[in-house]
Amino acid sequence: MPQDPHSAVSNEPEDSAVSLATEQEAILQPPSEGTQGEAQHSTGEGLEHVEGYRRPEHFAPEAWTAPTATLPDIGEASFGAPPPAQETVHGPDDRVQISTTSVYPWRVHCYLLITARDNALYQGTGWLLGPHTLATAGHVVYIKGSGVAGRDGWVKSIQVMPGRNGASLPYGSITCTSFRSVIGWTENGDENFDYGAIITPSNIGSTTGWFGFGVYSDSDLLKTTGNIAGYPGDKPSGTLWYGARGIDSVAARKVYYDIDTAGGQSGSSVYRIDSSGRYGFAIHAYGGSRVNSGTRFTTPVFNNYVAWKA
């Protein structure tokens, strides 16, 4: 009998549900603002409050090629260089740099320095969703189909740097060697199941705080403002950038948007803001000539992350 591709590598039980009914109420895990430092309030429009930033109107999509980064995007390890579907900017680049990275919510986002099994170095992005758990893309923690002997499989280690701002590391760097994903990615390499987790050896999230996450209906997502912050490789090394736009479309296991991103942002949170906080609803993983996309939080994804943050 074929295995459920959402089965965790640690053999978590199968959950047959995929997503919510059209108008079904969302299923949520709550966020936390952490115990250290200040927190920033969002606007009442579902956007982060960033001076000078305004949500742009829709722009006609166009293809865009990211410049070469100091470190290659982790996606290149599994999909080749350049990747067949690189993260792109659609229309004018309206991303803004975040310099207050020690303030919540920015400190939840983490720069990732990834060492593959063959010691090749890559960069990516992750985000805290619990005291010791980061969500990220599956291809950040498990490399598939590189074509290089000794490179495929679980990465050797990841240096996690919460709230990195260039040379500044307000919460230091944490060496992580414990990772999670599901067989839909590790065995099948299916982008619909491209999600994973990093388990930190300390409870850094208790200090920085974390995002909630939730399963939302199609209709709810289509009227949501999507927010993304991460570490794009086309910007100065290790700097955090933010952008937001509406959701273009949804599929059973994917969410599509034209929010600007670039290589290096694999694993970023695609999140929404409501009166009770910030909630991830997808994990950014792919770019495209018209829209970018992320792995959607469906019920099996939600259940795996609840188990992985325990």
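So, how many strands form the open sheet, and in what order? Keep in mind that we're looking at a predicted model. There are 7 strands, and they go β9-β8-β3-β4-β5-β11-β10, with antiparallel pairing. At the edges you'll find β9, residues 174–176, and β10, residues 178–180, and each of them pairs on one side only. On average, neighbouring strands in this sheet are turned by 35 degrees against each other, if you ignore direction.

Let's zoom in on one pair. Strand β3, residues 109–115, runs antiparallel to β4, residues 121–130, and the two pair over 7 bridges.

Now find helix α6, residues 299–308. This helix lies across β4, β5, β10 and β11, and it runs at about 10 degrees to β11.

In soluble globular proteins, nonpolar side chains tend to be buried together. Here the largest nonpolar core has 63 residues, and Leu112, Trp127 and Tyr305 are among those with the most contacts inside it. There's also a second, separate core of 12 residues, which includes Tyr216, Ile247, Val270 and Phe281.

Last stop: Thr224, in the loop between α5 and β13. Is Thr224 buried or exposed? Its relative accessibility is 7%, so it counts as buried, since the cut-off for buried is under 20%. The Thr224 side chain reaches the backbone oxygen of Asp220 at 2.6 Å. Leaving out residues up to four places away in sequence, Thr224 touches Arg245, Gly246, Ile247, Arg272 and Phe281. You've met two of those names already: Ile247 and Phe281 belong to that second core.

Notes:
Residues are numbered from 1 along each chain as its sequence is written. This is a predicted model: local features need pLDDT of at least 70, side-chain atom pairs count only at pLDDT 80 or more; totals for chains, interfaces and linings use all residues. Side-chain values use heavy atoms; hydrogens and water are left out. Helices (H or I, at least four residues) and strands (E, at least two) are DSSP runs, numbered from the N terminus. Buried means under 20% relative accessible area, exposed over 50%, partly exposed in between (1.4 Å probe, protein chains only). A polar contact is a pair of N or O atoms within 3.5 Å; within protein, one must be able to donate a hydrogen and the other to accept it, and residues adjacent in sequence count only if both atoms are side-chain atoms. Contact means heavy atoms within 4.5 Å. A nonpolar core is a set of buried Ala, Val, Leu, Ile, Met, Phe, Trp, Tyr and Cys residues joined through side-chain atoms within 4.5 Å. Two strands pair if DSSP finds at least two bridges between them. Axes are lines fitted to C-alpha atoms, for helices over the stretch in contact, and angles run from 0 to 180 degrees between N-to-C directions.
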